[in-house]
Amino acid sequence: CFGFPLSIFFIVINEFCERFSYYGMKAVLILYFKYFLHWEDNLATAIYHTFVALCYLTPILGAIIADSWLGKFKTIVYLSIVYTIGQAVLSVGSVNDLTDHNRDGSPDNVALHIALSMIGLILIALGTGGIKPCVSAFGGDQFEEDQETQRRTFFSLFYLSINAGSLLSTIVTPNLRATECGIHTKQRCYPLAFGVPAVLMAVALVVFVIGSKMYKKVKPQGNVMLQVSKCVGFAIKNRFQHRSKEFPKREHWLDWASEKYDKQLIAQTKMVLKVLFLYIPLPMFWALFDQQGSRWTLQATAMDGDFGILVQPDQMQIVNPILIVIMVPVVDYLVYPLIKKCKINFTPLKKMTVGMFLASMAFVAAALVQVQIDKTYPVFPAAGQTQIRLINLGAAPATVQFQPQLQSVDVAPQEATGYMTFETSKLQSVHITSAFLNRTEPLRLLEGQRYTLAFKWAVLDINSNLIWDNVTSKPEEGKNLIRFINNYPFAVNVTMGDMAFGVLRPLSVSNYSVVAKQDWSFLIRASMPLATCTVLSKNFGFGSAYTISIDDCTNYKLNLTYFEDIAPNTVHMAWQIPQYFLLTCGEVVFSVTGLEFSYSQAPSNMKSVLQAGWLLTVAVGNIIVLIVAGASKLDKQVSMQAAEYVLFAALLLVVCVIFAIMASFYTYVDPNEIEAQFSEEKKEEDKKDQDDNEKEAEADSRM
C-alpha cells in the first residue's frame with residue numbers, strides 16, 4: 001500500500017489506541033487517588049510515581065522476553081492481554097456502587113477498591129512497559145533492507161500516533177472524569193474515565209491480532225543486554241580472582257574479560273559504559289519532569305480554570321504535548337541555526353546541560369505560582385483557638401464588644417467582618433449595641449472551630465443566632481459550598497437549581513450544600529406565604545464558600561446579599577503556562593538531544609542497551625520523587641509546597657553543574673570507525689588464516 005507493507009498500518013493504529021489508553025488513564029490517576037481513595041497529597045504522589053517507575057523498569061524485562069524467548073509478536077500479544085485486564089480491573093475498582101451498600105455516596109469497603117486499583121496498576125505497568133521496546137522494533141522488522149526511506153516514514157508516523165493518542169486522551173478523559181455518574185448516588189465518573197482507556201486497549205489488541213498473518217516475524221536471536229551484562233560480570237569476577245600483585249595490570253578493567261569474550265564485544269561494551277556513566281546524573285531531570293502529572297496537577301486544583309470554557313486541572317497537562325509540537329521545529333530550524341551562526345560550539349552534552357537548567361527554572365516558576373496560591377488559602381484556628389465573624393443583617397450600624405474587654409468591632413448594615421481569632425478559654429460573651437438597644441450573648445465555643453454570629457436590629461430587641469460553620473478546609477476539586485440564611489420575619493422555603501435547602505425560620509441558616517458546577521448560574525427560588533420570588537445566582541468561581549442572605553422580594557425578584565465565607569481561587573491556571581513552557585523547552589533540548597547523543601555514541605548492535613539505560617534513568621527519577629514524597633512531613637502545611645519546588649530546583653541545579661563538569665571530560669567517538677577498524681582487522685585475520693590453510697594444503701600435496 002503506497003510502497004509500505006500493509007501490516008504497518010495495523011501497528012500504527014495499535015500504537016495510537018495503546019497510547020490513548022495509557023495517557024488517558026494516567027492523566028486522571030493522581031486525582032483518583034486524592035478524591036476517590038481519599039489519600040493525602042504525599043501518599044498519592046508517592047504511589048503515582050511508584051507506578052510510573054514500574055512502567056519504565058518493565059521495558060527491560062519485555063526486551064529480554066522478546067529477544068531471548070517468545071519473540072516480539074507473541075510478547076506484544078500476551079502482555080497486551082495482561083495490559084487490557086489491568087485497565088478493566090482498575091475501572092471496576094473505581095465503581096463507587098460496588099461496595100456502597102448503605103447508599104451514602106462513599107464506599108463501605110475502601111480496602112477492596114484499593115486492592116483492585118493496585119492490582120490493575122501493576123498489570124498495566126507490566127503490560128505497557130513490557131511492550132514498549134517491542135512495538136516500534138517489530139514495526140521496523142516489517143521492512144526489507146532496500147526500504148530505508150519507507151522505514152523512516154513509518155517511524156515518523158509511529159511517533160505521530162503516540163503524540164496524537166496522548167494529546168486526544170488528555171483532552172477527553174479529564175472531561176469524562178468531571179461528569180457525574182452512578183446507580184444510587186452521583187459521583188465523579190472515574191469508571192468511565194478508566195473504562196474508555198480499557199476499551200481502547202482492547203481495540204488495540206484486536207487490531208494487532210487481526211494483522212497477524214501479514215506480519216514478518218523474526219525469530220528470537222538472543223538479547224545483547226544479557227551479553228553485555230555477562231561480559232561485565234565476568235570481567236569483575238576475573239579481576240577479583242586475580243587481584244594479587246603477581247598478576248600484571250591491564251589497561252582497562254574490562255580487559256579482564258578477554259579470556260572469554262572477543263575484543264570487539266569488549267571495545268563496544270567500553271563505549272556503552274562511557275555513555276552510561278554520563279547517565280548517572282540524568283534521573284534528577286526526570287524527577288522534576290514527571291511531576292507534571294502529580295504535583296503540578298494537584299497545584300492546578302487550587303487555581304481558577306475559567307478560560308471562557310471550563311478547563312479541568314488534569315487537562316493542563318495538555319500544554320506539554322502542544323508545546324512539543326510547536327517547539328521541536330522552532331528549536332531545530334531557528335534556535336540551533338542561529339547558535340551555529342554565532343560560531344558557538346553547542347555540543348549535544350551542552351544542550352542537555354541547558355535542558356537541565358531550564359527544567360530547574362520551571363520549578364522556580366512553579367514555586368512563585370505556589371506562593372501566590374498560598375496567599376488565597378484561609379487560615380483556620382489552631383488548637384486552643386476559636387474563630388468568629390459577625391454578620392449585621394439589620395438596617396442600623398452596630399458595635400460588638402467581645403467580653404471580657406477583648407476587642408470592640410463596628411459592623412455596618414448588611415456587612416460582615418472577616419474571621420477573628422481568639423483563645424477559646426478567654427472568650428465568654430459578646431455585647432451588641434445597635435440603635436440604642438443592647439444585648440449580651442453568652443458564648444459556648446469549641447476549640448479549633450469557626451462560628452458566625454448573625455444579628456439584626458428589631459423594633460424592641462436585637463435578634464441573634466450563633467452558627468457553627470462546620471468547615472475545616474477549603475473545598476476540594478474547585479467545588480463550592482453554599483448555604484442560605486433567612487433575613488425575612490417569616491419562614492421561607494429555599495431551593496437552588498435541583499437542590500432543596502428546606503424551610504428556614506427567621507434568622508436560621510441551612511446546612512452547606514456542595515455545588516460541583518463552577519461555571520453555572522442557578523435559579524434561586526424562595527417560597528413565602530404570599531408569593532414565590534426567583535433570581536439567578538452569581539457565578540461562584542472555584543473553591544469558594546458563601547452564606548447567602550434572603551433579604552427582600554421586589555416584583556417577584558429576589559434580593560440577596562452574598563457573604564464570602566471562603567474566597568474562591570483567584571490565581572488563574574494560565575499562570576502555569578510559563579512553567580510548562582520552560583519545562584517543555586528543557587525537554588526538547590534534553591530528551592531529544594540525549595537520545596540522539598546516545599545513538600551516535602553507541603555501536604550499531606548496542607542501541608538497545610542504551611535505550612534500556614535511558615528508560616532506567618526515568619524510573620530512577622520517579623523513585624527520587626517517591627522518596628521525597630515519602631519522607632516529606634508537609635501533610636496539610638500547604639505553604640511548604642513552594643519550598644519543595646525550590647528544593648527540587650536547587651537539586652537539579654547542583655546536578656546540572658556536576659553533569660557539565662562530567663561532560664567536559666568526555667571524548668566523542670565514532671563507533672562506525674571503531675567497528676570498521678575491527679572489521680578490517682578481522683578481514684586481515686581471516687585472510688591470514690586462509691593463507692595459512694593454503695600453505696598447509698600445498699605442503700600436504702607435496703608430501
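The structure is a predicted model, in which local features need pLDDT of at least 70 and side-chain atom pairs count only at pLDDT 80 or more, while totals for chains, interfaces and linings use all residues. Residues are numbered from 1 along each chain as its sequence is written, and side-chain values use heavy atoms, with hydrogens and water left out. Helices (H or I, at least four residues) and strands (E, at least two) are DSSP runs numbered from the N terminus.

The axes of helix 3 (residues 72-93) and helix 6 (residues 190-210) come within 8 Å and cross at roughly 160 degrees, where axes are lines fitted to C-alpha atoms, for helices over the stretch in contact, and angles run from 0 to 180 degrees between N-to-C directions. Helix 3 is therefore roughly antiparallel to helix 6, since angles over 145 degrees count as roughly antiparallel, those under 35 as roughly parallel, those from 65 to 115 as roughly perpendicular and the rest as oblique. The crossing of helix 3 and helix 6 is left-handed, that is, the near helix is turned anticlockwise from the far one by less than a right angle. Contact (heavy atoms within 4.5 Å) is made by residues of helix 3 including Phe73, Ile76, Tyr83 and Leu90, and by residues of helix 6 including Phe194, Met201, Leu205 and Phe208. By class, this contact of helix 3 with helix 6 has 16 nonpolar, five polar and no charged residues, with Ala, Val, Leu, Ile, Met, Phe, Trp, Tyr, Cys and Pro counted as nonpolar, Asp, Glu, Lys and Arg as charged, and the others, Gly among them, as polar.

An open sheet of four strands has the order 5-4-8-9 with antiparallel pairing, two strands being paired if DSSP finds at least two bridges between them. Its edge strands, strand 5 (407-411) and strand 9 (437-442), each pair on one side only, and neighbouring strands of the sheet are turned by 20 degrees against each other on average, direction ignored. Within this sheet, strand 4 (residues 398-403) and strand 8 (residues 429-434) pair in the antiparallel sense over five bridges, and threonine 399 stands opposite threonine 433 of strand 8. The loop between strand 4 and strand 5 holds proline 404, and the peptide bond from glutamine 403 to proline 404 is cis, with omega near 0 degrees.

Strand 18 (residues 545-554) and strand 19 (residues 557-566) run antiparallel and are joined by nine bridges, with glutamate 564 in strand 19 as the bridge partner of tyrosine 546. Two residues lie between the strands of this hairpin, where asparagine 555 takes a positive phi near 50 degrees. Tyrosine 556, found in the loop between strand 18 and strand 19, likewise has a positive phi, of about 65 degrees, although it is not a glycine. Tyrosine 556 is exposed, with a relative accessible area of 57%, where exposed means over 50%, buried under 20% and partly exposed in between (1.4 Å probe, protein chains only).

Leucine 507, in the loop between strand 14 (499-504) and strand 15 (513-515), has a positive phi near 70 degrees and counts as buried at 7% relative accessibility. Glutamine 576 is found in the loop between strand 19 and helix 13 (577-601) and counts as buried at 0% relative accessibility. Leaving aside neighbours within four places in sequence, glutamine 576 is in contact with Trp296, Gln299, Ala300, Met303 and Met316.
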